[in-house]
Each structure stands twice: as C-alpha cells, then as structure tokens.
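Here is a short briefing on one protein chain. Look at the sequence and the model first, then read the points below.

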Amino acid sequence: MGKVYVFDHPLIQHKLTYIRDVKTGTKEFRELVDEVATLMAFEITRDMPLEDVKVETPVTTANAKMLAGKKLGIVPILRAGIGMVDGILKLIPAAKVGHIGLYRDPETLQPVEYYVKLPADVEERDFIVVDPMLATGGSAVEAINSLKKRGGKNIKFMCLIAAPEGVDALQAAHPDVDIYIAALDEKLNDHGYIVPGLGDAGDRLFGTK
C-alpha cells in the first residue's frame with residue numbers, strides 16, 4: 001500500500017491558514033499556493049538518487065554529490081493543478097510538464113478524460129501528479145489511470161488538502177502511489193466539498209465563479 005505523508009512543517013501550516021481564509025484574494029491565494037508547492041517539492045524529492053562527482057573548489061578538488069539524472073515529470077490535473085506547477089519548477093527546472101484534463105459527467109458524476117498531453121518519454125520518467133484538492137478522489141484516480149495507460153510507472157500524488165474519503169479511494173485504486181498532502185481534513189460534505197477545506201481551488205486561483 002502506498003504511504004500517506006502529511007506535512008507538518010510550520011511554514012506550510014502557516015501559509016495554508018491564509019490559503020483557507022475566505023478573505024484571501026486571488027493574487028495572494030495564487031502566490032501562497034505557489035509557495036506551498038515549492039515547500040512541498042522540497043520534501044517530495046527527498047529520495048531522488050544522487051551520484052558522486054568531483055568538483056574544483058577555489059581551494060582544492062572535492063568529492064561531492066549531484067542528482068543522478070533521473071528524469072522527472074510534473075502532471076497537473078486541469079485546471080486547478082496548474083497553480084502548483086511553477087512552485088515545483090523553481091526547485092526542479094529541468095522537469096517536463098504534462099497536462100491531464102478531466103470533466104465530471106453530469107449524469108454519472110464520474111470524471112471523463114478530455115485532454116492528455118505528456119512528455120514523449122513517459123516510461124522513463126518519475127511523475128508527480130498535482131491537484132490542490134483530493135476530495136472524492138475521482139479525478140486523481142482517473143488522472144493516474146490515464147498516466148499508467150500511456151506507460152507511466154513510478155507515480156506520486158501531491159495536493160494541498162485531502163479528505164479521508166479521497167485518500168481511501170486513491171489508495172484502493174492505486175496502492176502503488178504514495179500520497180503527499182499538506183493537510184488531512186475532517187470529511188466531505190453532502191456536495192462533495194472538503195470540510196473545512198478552502199472552497200473551490202480553481203475559482204480562487206483564477207478569479208472565476
């Protein structure tokens with residue numbers, strides 16, 4: 001079963017409070033999501049492989065470490081996931097970015113894939129799928145299905161806020177995927193919103209209703 005990591009770092013928790021606050025406007029909300037994504041990227045890359053190199057310092061030759069060239073891909077779930085991409089790219093600028101678009105069928109309420117664009121070398125990359133919210137888990141499950149169908153193997157999922165129902169659904173569907181979240185909230189309400197949550201992440205990121 002994939003592991004669930006809940007980040008308790010003080011900076012993440014502090015910024016998350018402002019993200020939740022209904023008084024936080026679009027500009028500030030976007031900046032805070034970007035900053036938290038950067039802080040989370042610092043943790044989610046903890047197990048990236050290193051290799052030994054030699055480097056000339058101003059004093060002598062030193063044995064040092066560099067990333068071992070493992071290819072990374074970031075895949076936001078459209079549209080809200082886009083708000084987390086730049087924050088990750090600040091730390092890992094060489095990562096390639098794919099996109100997966102899903103909409104909810106009004107009859108079945110199930111997510112339906114409408115757009116997928118991924119790096120050409122899918123099978124060679126480690127992927128981080130990002131979305132601010134993990135509510136019912138439907139979109140995350142379907143996005144990872146889309147990635148696996150195209151050859152993705154080593155996949156992590158990263159979000160700001162999750163409901164226990166979403167975590168359970170994602171673990172049941174994809175037990176090989178580790179889940180990284182900034183806060184595990186109480187529950188879903190009758191409308192499928194996370195409680196206490198932060199409202200609709202896409203609307204708050206892009207100023208829409």
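Is Val129 buried or exposed? Val129 is buried, because its relative accessible area is 0%. Buried means under 20% relative accessible area, exposed means over 50%, and partly exposed lies in between (1.4 Å probe, protein chains only).

This is a predicted model: local features need pLDDT of at least 70, side-chain atom pairs count only at pLDDT 80 or more, and totals for chains, interfaces and linings use all residues. Residues are numbered from 1 along each chain as its sequence is written, and side-chain values use heavy atoms, with hydrogens and water left out.

**Overall build**

- The protein has 6 helices and 13 strands. Both are DSSP runs, numbered from the N terminus: helices are H or I with at least four residues, strands are E with at least two.
- Along the principal axes, the C-alpha atoms fill a box of roughly 65 × 40 × 30 Å.
- Of the 209 residues, 45% count as buried.
- Take the contacts between residues at least 6 apart in sequence: 62% of them join residues at least 24 apart. Contact means heavy atoms within 4.5 Å.

**Surface and charge**

- The accessible surface comes to about 11200 Å², and 55% of it belongs to carbon and sulfur atoms. Areas come from the Shrake-Rupley method with a 1.4 Å probe; for residues, only the protein chains shown count as cover.
- There are 25 positive and 30 negative charges, and their mean positions are 3 Å apart. Lys and Arg count as positive, Asp and Glu as negative; His and the chain ends are not counted. The place of a charge is NZ of Lys, CZ of Arg, CG of Asp or CD of Glu.

- Val129 is found in strand β8 (residues 125–130).
- Not counting residues up to four places away in sequence, Val129 touches several residues, among them Val75, Ile77, Leu147 and Phe157.
- Val129 and Gly98 are 31 residues apart along the chain, and their C-alpha atoms are separated by 9.3 Å.
- Lys71 is found in strand β4. Lys71 counts as partly exposed because its relative accessible area is 35%.
- Leaving aside neighbours within four places in sequence, Lys71 is in contact with Asp121, Glu124, Arg125 and Asp126.

**Aromatic rings**

- The structure holds 3 aromatic pairs. Rings of Phe, Tyr and Trp (its six-membered ring) pair if their centres lie within 6.5 Å; planes under 30 degrees apart count as stacked, over 60 as edge-to-face and the rest as tilted.
- Tyr103 and Tyr114 form a tilted pair, 6.3 Å centre to centre with 40 degrees between the planes.
- Tyr103 sits in strand β6 (residues 99–104) and Tyr114 in strand β7 (residues 111–117).
- Tyr103 is partly exposed at 41% relative accessibility, and Tyr114 is partly exposed at 47%.
- Tyr5, Phe7 and Tyr180 form one aromatic cluster.

**Cis peptide bonds**

- Most peptide bonds are trans.
- A cis bond joins Leu78 and Arg79, with omega about 5 degrees. Arg79 lies in the loop between β4 (71–78) and α3 (85–89).
- Another cis bond joins Val195 and Pro196, with omega about 0 degrees. Pro196 lies in the loop between β13 (194–195) and α6 (201–206).
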